[in-house]
Structures are given as structure tokens and as C-alpha cells.
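Open the model in your viewer and keep the selection panel at hand.

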Amino acid sequence: MAPNRRSPAGLRRRDFLAAAGATLAAPAVLGPGDALGQGTPRRGGTLNMILNPEPPVLVLGVNNQGPTLAAASKIYEGLLRYDFQLRPQPALAKSWTVSPDGTLYTFNLQENVKWHDGRPFTADDVVFSIGKFHMELSPRSRAIFQRITEIAAPNPTTVTIKIREAFEPFLLMFDVTATGIVPKHVYDGTDFRNNPANATPIGTGPFKFNEWRRGNYIHLTRFADYWKPGQPYLDDIYYRIIPDSASRGLALQSGQVQLTQSNDIEPFDVPRFQQMPNLAVETKGWEYYGPLSWIEVNHRVQPLGDVRFRRALSMAIDRNFILNRLWFGVGKVATGAFSSATRFHDPNARIAGYNPREAAALLDAMGLRPDAQGVRARLKFLHLPYGEVWTRLGEYLRQAFAQIGVQLTMESVDAGAWARRLAEWDYELSINFVYQWGDPTLGVERTYVSSNIQRVTFTNTGGYSNPQVDALFERGRTAVRAEDRQTAFSELQRLLVAEVPQIWLMELAFPTIYDRRYKDVIVGGTGVQASFGDVYIG
Amino acid sequence: MSLLAIENLTVALPKGLDRPNAIEGVSLTLDKGEILCVVGESGSGKSITAASVMGLLPPALRISGGRIVLEGADLLALAPEQWRDLRGRRLGMIFQEPMTALNPIMRVGEQIEEVLRVHGEGDRRARAARVGELIEAVGLPDPAHIRSAYPFRLSGGQRQRVMIAMALALEPAVLIADEPTTALDVTTQMQILQLIRSIQRARGMGVLFITHDFGVVAEIADRIAVMQHGRIVETGRAADILDRPQHDYTKSLIAAVPHLVANAMATEGAAGEPVFSATGVRKSYWRRGSWLRRSTRVDAVRDADFILHKGETLGLVGESGSGKSTLARCAVRLIDPEAGAIVYRGEDLAPLSRRALRPYRKRIQMIFQDPFASLNPRKKVGEIVAEGPITHGEGRAAATARARDLLRLVGLDPSAMERYPHEFSGGQRQRIGIARALALEPEILVADEPVSALDVSVQAQVLDLLADIRRRLGLTMLFITHDLRVAAQICDSVAVMKDGAIVEYGRTAQVFSAPAHAYTRALIDAIPGKNWRPPAPV
Amino acid sequence: MRDFARRFARNVGAVFGLVLLLAVLALALLAPVLFPVDPWQMAGVPFAPPLEDGFLLGTDSLGRDVAAGIAHGAHISLLVGLVSTVAAIAIGVTLGAVAGYAGGRIDDAIMRFTEFFQTIPSFVFAIVLVAIFTPSISSIIAAIAIVSWPPVTRVVRGEFLSLRSREFVQAAIVLGQSTPRIIFGQILPNALSPIIVLGSLMVASAILLESALSFLGLGDPNVMSWGFMIGAGRSVIRLAWWMSVFPGVAIFLTVLALNLVGEGLSDALNPRLARRRG
Amino acid sequence: MEPAALARFVFGRIAKAALVVLAIVVLNFVLIRLAPGDPASVIAGQSGAADPQFMEQLRRQFGLDRPLPEQLWIYVSRIVMLDLGVSHRQQRAVVDLLAERLPATLLLTGAAFVFAISMGILLGTLAARRVGTLADTLITILALACYATPLFWVGLMLVLLFSVLLDWLPAFGMTSVGANLTGFAVIVDIGRHLVLPALTLGLFYLAIYARLTRASMLEVADQDFVKTARAKGVPEGRILRAHVLRNALLPVITFAGIQAGQLIGGSILVETVFAWPGIGRLAFDALLARDYNLLLGVFFCTSVMVVAFNIVTDLLYALIDPRIEVAS
């Protein structure tokens, strides 16, 4: 399933903040000092950050785009959060156990947790959120949670979940961004999408919703009855809506906002901010998402179905140029189908490097000779309409491919048309980038297995089909033990770098830039999409 | 001492024009209680003289010599502000074009009151009372209504009365009237002339009256100054100049004035067979209403009948809006009549389509009023004249050769063929228009006010030309004019139109000597200077 | 004609504009010679300031030559401006001529139609059209033409309405000329001056419109245009001012030139007005 | 104009305007439906995951599964009740969204318009009075320059100068967030944010109005009734005010009325550059998100604004120019 990709929101560019997540994991049990903090947390202060584009609504599940998550992760909480190695940490769940056969999960919940409206939080809320709310609203949750055979609340602080068969990555589904817990008393029995309460979200998180001036800002205030003693430290969080990237850079520079994330700041501006002594530029905090970008190849279009051609294209690309000139060194060159942050990534499986001469030789070998204009093949390239840097990337690729005699004609579309054309397989080449959700079964498999060739975005829209690949993903998915999964996935990665089913480009990293006076901002694998309960001004 | 003395006045023209000065060495005196008429053709400098006295010369013109003495003070030595104060107070002026001389968006009362206000006369109440008096004094009906009306509500004659009221508001010593009746119908003209005369008598003003019309001069002048090419060629008492002109130019001007003696040829012309007739012609317009207000129907022509006999000239006379032009245009089917028959040699043309009409176009041709608008400025004269025959299928060479002959016939040099209309004077253009009409060798000529835009001497030449051609080619003519003098001179019969209907129709001599209809009588009575018999040319 | 040239030449601004316009035209035509390398080619170091590394106007964020982009962009800007104007004038003249000559109900219907198009905010409308047809040179030209024709229709209709009742047209009717011949032979040549003047100004606005569309990301991704360059440069304006300043100056000068020429034409074709302008 | 005539006039204009607006709504509905992409696929894309069931749900929810004419009919009949539907993407009533954004746009365009028309008339008058002098030349050049410069570029240059280099004025947004200002300070704050966007949007129109005023003044100054006023001894200052200017402004007003729609179009660019939270920006975002209801709502709203503005202009014109009643 797919989860994610960017957020296409229909908007352009930086939307993807999407998933970002949880920085300091929820206010959970860890004290701030546990993670990175070096000083003593102090109460008070305001954090201004940017939200772009403006989210439609702040209720998780009703909308799961990046901007929604960035703000809602302060209002709601999940059962768990993840550290940089994607190991589960306590949040609303104080502790948990998994039965030896891997099919029964038991969560023990925190006590004395209150909703923002003063009602007590109980295990019933969790059962409702997982069993009904997210099952209905979220395709991503639905795909995983349909493995649940029984979910129950034996007492107000315990939840038990039984699944059909062992599923090792199951515990990666309980972060606030994946399965935020919502109040049963507000939603049960209503039309979730159109519930009037969606305008004033109620969660258990450290900050509660106060005011939303559309097109202007969203204001969250400290929740005084938060269950974790002393937290949160900040009094207010303001999310400023600033659609123009230059304006966002100015806002950060002038100190009007103290934190930017995701695509708020254009890559070319990052070096400038790196040089400002009062700002910290952090690229950690995306491990859970592991966004990987690639050239989306439609295998139905010749000669793209030919592995030699795909390899040639791949070798025509100077990924270091892309990294350094387009992303200004922020991020990493992709090595294969798995992001290096994703579990079971195998550093030994690597795609071939930049070598245009060999690329041309491959094409010669295929019999694709340059014509009078020096062109061997003509292909259409659908721009990814999410921002300038992607446009620049398209322009670079056109020049890079021109070197080996492959001529690209650019097609510029809006986000809606892009999504539709991908879903309808109506493209030749495009750019895509997809979140991996920390686990190949959750975030990688969907792009390559033949059972997921669907007319829906973010499935295997390219139409790549290889029984060997299908089998290896199957093995990785069903193995109970992590070591067994590693074996299957290592073999798989070696196979994929030879096949080049998609032409991987970059492991994206989105810099979180913030004022150094703010401490404990990024404390886990979900980055800024965390509760911020332990952020303080030092 | 004279009230106003112009001494040796010279006004320089901008460099590069055909003569250095607009007026040169002009000397005039105006005494209290007299009307001095300055007569001349267009370009003679009479209006420049008037504007000089008012200090209202166009910016490009400059007084380069002489003096203007008003009541002992040299105007040219005054500061602009002092001269301004004299305007309106000691010097009043009225203009030719009453339709544009009033501010369209200011109430009439305010415009009159403004004269008083800017010269600091009285308080508001006193001024309001004075405005009422003035409106009454110039013979406008319903003063309360008029003062709050906007100019567009008033007829031309009424507007000219408003102008007079304004000019008289402060009882100036000198009134300058620049062609004040030229744009008016004859009956209105007579009323305005009488008004000026009576006010002038009552208040003992000196009036400087600019006109080109010897009829008007005969009607109103005490003394006369004749101007030609920027100089005064003759001055003297009215009776002396009118009856015993000394200067050749004055003589030629007076000789060109049509005599009010019915056409000598009138009796013979009637003999021919009827070739063209109109019966029961009707045409109306819808005046568009505003929102929710009904449109109103205006009858332009009502049941008009006339018959043209071979070789006859029929005059259609009447004031503006009487429908004479509409009737003429119906006759040539420029306008489609609603009812009635237009019969040419037994064929009713009224129901014919434009295509079916084409053969008859050659037989019936038209001459237009405005020599500037009636020739296509983008075509050479040769083309314009040859166009008709070419349209009707004649070869280009033959048509061009004929055009050359025709130009010679109307008194133009054949070199005119290669020139554009704007290179010709008004009279020459009218000759071109005549040549164009003759090129098709028509039997019937409809002439719509062919001489009313021309200076009197040119007018005489064109009328002579028409008479000559008519005689030589045996043309039958429908001649539309508002000028009874012209009608008397050229027409065998006249039809008098009023409000769309022909109210009187008969032999010219009879209509003029014994008008049957009251309206005809009023028209004849209104002919300016009708009691003056210009001396026969020696 | 000689008169016209003399009057035009007397207008300093117009001559300046004409020279400028010819320079832009020359730049557009000579672009392949002056800058034989593809303007998309990443020829140098990114963000090289003007005059550095042999780049007259610097390079952009990918190391592409700004000067080359401007030279090649001149071609597109002029092309879009001219073609869309010609198309708009074709629509406008046709509708305006029919409305003005026919009068009555046809006139009413056409003018209602025109007013309707004038009521729609034209820039918003252009955006919708380009987005719907997906951005490409032809959809941009079509969109600009579609939002630009109403003023032409109004002007042409006005001219036809007044010329139709002029006596020389009536004379042509009386001579028996056919309607098409009267429209094209008699009236249209006399209505050309305002159309020419309007056309020169429309080219200017079309160039501005194209740049605005590109600025919003609705340009044709396959061609280098000035609007695209500013759009690409705006977010780095503090880092590389030359990227947006120079294309902006190019647009400014071209539009200015067209306006000056337009005014010069207007003055030269309407001497009466010219005098008034002092 | 008497009250009855005035009422008739206004009523007639409104009736006509309603038809125009309706036609615009239909046109836009049809046009936008021609566009590729539907909201369901966009939302599916945004949420990062989708399956056919999810898409189907969305389409049904938005009524996209019905025949097009039926969708149009439902939409139009709702609009008559001023129900503009629900924004797919924002999941809120379009009317509410518009109502939130409209004041910002009205403030921006209103400020720009007032600035443009007052300064434009002032400069145009000045130039016309001093025709041929240095002042005239300077104003003419300035107007021409403003006229020839792309709006968004001016915006960028102003930001560069006043925000980045001089740091005098805020570069974006409408208010300083988190400043907790009250009372008069709020107005000052908004005012400071308003300066640059209003200036940017206004300069172009200032140029137009200045040129128009100048030309119109020169034309009117040549007319007979001005000569009449001189002949009456009216001082030049009063001639200018009472006679020339009043008449010269008529075409300026007409043109300003026609231009209202362009102003709103221009505000899309300006709102983008300055992050001004108005409907121009809303429209652009809605378009890219294929948020049909919202986009149609914005169109409806802008059309109503333009038409309303035209009515006001006509009315104003009718009040100033007494001839209008007859002409109509």
C-alpha cells in the first residue's frame, strides 16, 4: 500500500511535507533529556513555523497530507513513536507485548490521559480509532488492518489486537501519523468526513487547537491537562501559511518564523541558511518515510520495456550533479530500490554509476542508431508538478539524455492531471517519489509486484512484472523473523539493481531548519511530525 | 473715441505654413450702439480677429503687432488676469456651434450663474434672481425648468439663447458674435438675429458680428467690414457696401449670392414626360427607450408624393429634421421605405432586392453634401471616378479614360487622377463627386445639399456647373436644400417638407410669390435680408 | 505615406521605440548565430554573476547562460505576441465588421457576446484555458487570443458603425457595389489605422500575459521564454538577482518599445490627435 | 436622475447582470469539466495511498458519477440559492471559504484601486496642465514605464528593495502573526503589510489612469465649451476643475469600470508574490487542485464582483453625466 508519496496535494511543490513527523515522539514517557537535550527544559515561549500548503482540515484520517500531519501530530497522539533506527518507543501505549507466534499484540495504555475537551481517554477510543475510524478513512491503514481478526479492550487501559498471521512490520503502523487516536465520543456513529467537529479537532496531544485564520495562520496553545508532567514547555505554536517560497525564506531569515521543514525552503537556499550561525540545519527525521525519487518508467512503451535501454538511461545520469546542483548536497544519491534508511537496506546492491559512453554503447548494441538529428529515440516526459526543483530536474534530465541521443519532450501538467495520467498509465516517463514507511513490505513492494499493477496512483503503474521479484517480496513479507526477511530482501535488491525497473535518482532529505535556541526539536524517525511536547527554548 | 478700436493688428502663424500671418494690419473701430459685421469666406481671418479681441487665440497663434483698445485701455498691455476679468464683464461672446458650446454636464442655470460668480457679482440669492431675469430676457420659455435643465435637453436655438444670456449677464459694452446663426435653421436664425438686434438696441451695446452670409449682413448690419486673406479690403456703412460695393472681391461675393428671383427657366422645364415618381413613401425610426420605458416611433417621412418630369429640377426644401434627406435616400434606395412606391419609367424600385436593383443604379445617381466625407480618403481620384463603370462591368482602361474626360468636364485638370482627395479644396472635391455620379451616365441625379458646405463664391460656381451639366446632358434632378435662395435659383418646382410631410408642392415662382401654406410663408419670411436686392453684376 | 513617415520620424519616443524593437527583432533572429549552444545547456557554474566566466549576464541555478536564454527567449516572446495578436485581430475584426456593418439584431447579439467575454476577468480566464489545454505554445497563444479579441471587436465595430454612414460608403452603395466589396474595399482600409495601433499595443500586452502565465508555472516547458526565466529566477532573487532582473528588463524594453511605436503610429496616423498631444 | 428613473436603471442593470453571471457560471462549468483530472484522483494522490474503493467513494461523494448535464443543473440551481457547494479538497462550504478570503482581496484591490485612480488622475492632470514641459515628459515616461513592466516583477523588485535591502516593510502576509496586537496597532500592522502589494498592483493601473486622464484632459480642453468658459472670464483654475476635469473623468470612470476584472486577475499574481490570503491565490490553488466547486465559486464570486463594479460604475456615470439616461 501505498502510502505515501508525496503529497501531491494538488498543489505544487512543497507539499510534501507530508508525512513528516514526529519529532520528538510524543510526549511520551521519555524525558526530553533522553534524546538530545542538553539543558534543563524551561516553560514558556512561542514557536512560529510554516505550513505549506495550507491543509484542508486538521483531523487525521480525514486528511493525511503532509501539512495536516505536521500540525495534527501536536494535537493527536499514536500508541507508539519511533527512534532514528525505527525502533518503537512508548507514546499513548506505556508498554506492549507480542505473542511468540507473532499474531497477538497487547498494548498497555498510559493512565490519566484526558482529551482536550476534558473527557477521559480509554482503551475504547483506541479500539474505535483502529477498528472503525482509520479502517473506513485511510486506504493505507485499511490494507494493513484488514489482517486484524479481533480487536478488544479487556479493560480501560489495555488493548489487544489479534491478526490472521504473523506480520513482522505490524508495529510500524502505530505512530500518530499512521494511526492517530481520535475521540470515540466525538466520532462514533457519525459521518467521519463531514463531522462538524472536524473544524475544531480534539486530541490528547500536548497542544490543543485554538484558532485558524484561513490563508493566514493556525494557532495551537498549550494543553494544561496534558498527561505527561511538566509538558509541554512551549505556550503556543503558530503555523504560518506562506505559499511563496521566496517569502518563506525571508520569514526564516528575518526571524518571523523559527522553524521550517520539508520543502518550505528551496534547496538552493539551504546553503545560505547553513551559514547562518543562529540556525541549525537538520536532515535527520525522515527515516520513517525514507522518501526515494526515481524516473517513473512506463514499461508498456518501447523501448522502455527493454532492460538495456533502462540501464542506458540510468547510466546517462550524473546523480552527483543532481545532488549537488539541484539539491545543494542535501540528501543522498540513490543506490537501489531501498532507501538506505529503510529496514533491510543492503549497501552491497548498487546500481551502475554515471557512464554516458557505456550508455551509448548499450544503445548501439540494441540497434538504436542516431538519426540525422542525432536522435536515437524520442520520448515524452511528464513534469512532476510539485515545485521548481522538480522542473529543474526535468530540464537536467532532458540535457543528460540528449547526450546519449534520447530526446525528451516535456509535458507540463497540473497535479490533478499528473495523478490521473499516472493512474491511467498515460505517460512514457515521469518523476515520482514515494515514502517507504520504514519497511520494504509497507513502502517498497507496492511499486514492483505484479499483483499491484492497478489503475490507481502509487501502485505498480509502470506495469513492471517479474515472477522472481514477486516471489522474493512474498518471502520477505511472510517471514516471521527479521533475519529471514533480510535474506530475502538482500537477494531482491541485487535482482532489482540489475533490472532497473525504475530509474532511481535520489534519497531525498528535507532539511529542518530552526533557530538554535529551540532544543529537542528533532528527536526521532518521524522528524517534525511529532508532538513537540518536549521542545523548549534554551 | 470708439468703444473698441483694433489698430493695425497682425497675428502671426506658426512657421512653415503657406502664409506668414493669419491676419495682417487689420484696423477696425466699433462704436457704442452699432453692429459691425465682419464678412468673409473661410480662411479670411475674421474669426481670428474676433478671438484676438477676446484674448482667446489658439496657443499656436501669436499677436505680432498692433493694438486693441477697449474703452481707452490697450488690451494687449494688460496682465492676463486683468484681461480675463474684462471677459464676461466688458466683453461678451457667442459662438457658432450651440451644440458644443455649453458644458454638457452642468445645468444651464449654473452656467449662466457662473459668469456672475467668477466676477464676484452679488450673493447667491441675487445671482439666482438675475439668472431668472436673463433667461426670461432672451425669450426662453419656462425659466424655472430651463435653469435646472442640462444642455442636451435644449434645442439648438434654445442653447444659442442660453449663450446670449450668459454673454449678456454682466451687460458688457461689446458683444462679439462669431457666426452665431450659421448652425441654425432659417426660422430660428431669424429669431436669434432679432433677439440680438433688440438687445443691442435696448442696451446700446457695440456688436462685432462675424458672418459669411450676406443675407444675414443685410438683415442686421449697421456697418460692414469685408475680409479676404487676412486683410480688410473694404469697410463702410451697410447700405453703401450692399448696394454699391467698391472692391472687386466684395463685388464678386455679392454677385455670388443667389437672387431671390424664381428660376427663369422654370416655365419650359415642365414639358417633359414623367420619368420618376414617389408615391405614398413612408419611413419611420424607433427611438430606443431606456429600461422599462417603451421605445417611441418617429415618423421621418409620411406619405410623400412627387413626380419628376424629364429635364425637370425639383427642389425638396425644409428645415433640419423635416425628412427631406430621408426622402431623397429612399428615392435612391439607400434607405428602404416601409411603404409606397418608387417608380422609375414604370418600374417600382421599392420592392427590389439589392441585386435586382443594380441595373437601375446606373440610371439614378447621387451627389452628397459633405465634400470631405463623400470621397474615400484612401483612394485616388481617378479610381473614385472610374469605380462606378468598373463595378458595372466596363473595362478598366475605358473607365479610366472616361474618368479623365469627366474631370475635365467638371473643370479639373486630368492630373487630378493620380492624387488623393485630401489634396483638393472643398469645391474641387464636390466637382469630383459630381464627376463620379456622371460617370455612370445617369438619367436622374439626386443632389443632397450639394452646396451647403461651401463658401458662397464656390457655391455659385458649383451651382453654375450643375446648371450647365444639366442643360448639356438633359438631366433630371431632385435637389435637396435648406436654402430657399438656392432653391429659388435652381429649381423648376419645389416641395416644402415639414415634420416628414410635404406641405406644399408647386412651381417655384408660384410657391415663392404666393405661398399657400403658413409654414411656407414662415420660411420665406425668415430668409435673411430678403428685402435686399443685390445689385446686378455690372 | 511620406507624410506618415515624416510625422512618425518627428516623434523621438517612437523612433527610439522602433530602434529598440528592431534590436529585439534582430536579437531574436540572430539568437542561433550569437548563441549557437542550446539555451538549456548547462554550460557553466551555477549562479555565476554577470561577466564572470565569460557569461555576459551570468548563469542560472543550473549553470545555463542567461544571455543565451534572453536571446532565444526573444524569439518566443515575439512569436507568442505576434501570433496571438494576429489571431485576436482576426476574430475581433470579423466580429466587429459584421456587427458594425450589419447593425440591428446581429450587432446586438455580437455585442452582448463581446461584453460577456469582457466581464470575465481575463487573466483568470487565460489561466483556466492554459491549464485546461495543458501548457504549450499553442495553448498559450490560443488562450491569449481568446481573452484579447473583445477590445478589437469594439474598436472595429465603432469604426464600421461610423464609416458605414459616411457618404463615400453611401456613394459606393449607390454605385451598386456589392457588400463584400464595400466592406473590404471601402470601409476596412479606412479602419486600419486604429487596428494597427491597437495591434501594436496588443502585442505588448500579449508578451506581458505570456510572461505572467510562465511566472505562475503555466509556460511551455519545451521553450525558453522570458517569463519562464523570471519564474525560475524569482525564488532565488536574493541569491542571483541577475536571473530575474535581466529577463525582466528584456520584457520591459520590448513592451516599452511596442508601446512607443504604437503611440508613434497613433500620432502619425491621426495627425489631428498628435497635435493635441502637444 | 429622479428616484423612479434611478430605481429602474438599477433594476435593469441587475437583471442584465444576473444573466451575464449565469452565463459565466455555465461557461466555466463546461470549460473546467473539459480539463483532465478529476478531484478524486487528486485526493487519492494527496493522501499518498488509494484503492479503487476509495476512488469510487470519493466520486460518489462529490456527485461526479452522475451525467454531466445533471451535475450542471444541480450546480446552477444551487447557485441560484447562493449555495456554491462544498470544496472537495478543503471539505468546507465554498461560500465560507470565499467569505474568509474575500475581505483580504477587497482590501488589496480596493487599496490598489484607490491608490491608482487618485494618483493616476493627479499625475494625468498635472501632465495635461503642463503639456510639453519637463514635468509632462517625466510623468509620461513614468507612466509608460509602469505600464510596460510585468506586475510580478515589480513586486519582486519592491521586495528586494524595501524588505531585503532596506528592511522597512514586511514582504509577505497580511498580519504579523503572534504579535497579539489589538486595536489601532492591528490596523497599522495590516497597513504596513498592505503597502507593497497594493503598490505593486496599483502601479500598472496608475499608469493607465494617468495616461487616460492626460489624453482625456487634452481632448476636453480643446472643446468649445471650454472656450465658452474662457470667454466668460472664468479663471483657469476653475475652468480646470469645474469644466475640464469633470468632463475628462467620464472616460476614465468608464475605463476603470471595465478594468475592475483585470484588477482581480492581477491580484492573483500579487497575492502569489506577497502571500496575501485572498481569493486570487485561492483560485490558483483551487485550479491546480482541480477543486471544481471552489474554482467555480471563485469564478462566480469574481464575476459578481466585476458585474457589481460595473453597475456601480454605470450608476456613478449616470449620476455624473446627465445625458446617460437618454442614451441608454
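Which residue in S17(B) is the bridge partner of B:Ile364? Select B:Ile444: this residue of S17(B) is the partner. The model is predicted, so local features need pLDDT of at least 70 and side-chain atom pairs count only at pLDDT 80 or more, while totals for chains, interfaces and linings use all residues. Residues are numbered from 1 along each chain as its sequence is written, chains are lettered from A and ligands numbered from 1 in the order in which they are written, and side-chain values use heavy atoms, with hydrogens and water left out.

**Stop 1: S16 and S17**

Select residues 364-367 of chain B, strand S16, together with residues 444-448, strand S17. The two strands run parallel and are joined by four bridges. Strands here are DSSP runs of E with at least two residues, helices are runs of H or I with at least four, and both are numbered from the N terminus. Two strands pair if DSSP finds at least two bridges between them.

Now show the side chains of S16(B). B:Ile364 and B:Met366 point one way, B:Gln365 and B:Ile367 point the other way, and all are buried (under 20% relative accessible area; exposed is over 50%, partly exposed in between; 1.4 Å probe, protein chains only).

**Stop 2: an open sheet**

Next, go to the four-stranded open sheet of chain B, with the order S2-S1-S4-S5 and antiparallel pairing. Opposite B:Leu70 is B:Ala73 in S5(B).

**Stop 3: all of chain B**

Along the principal axes, the C-alpha atoms fill a box of roughly 70 × 55 × 45 Å.

Colour by burial: 57% of the 538 residues are buried.

**Stop 4: the other chains**

Finally, show every chain. Five pairs of chains are in contact, and chains A and D share the most contacts (heavy atoms within 4.5 Å). Chains A and B do not touch, and their nearest C-alpha atoms are 43 Å apart.
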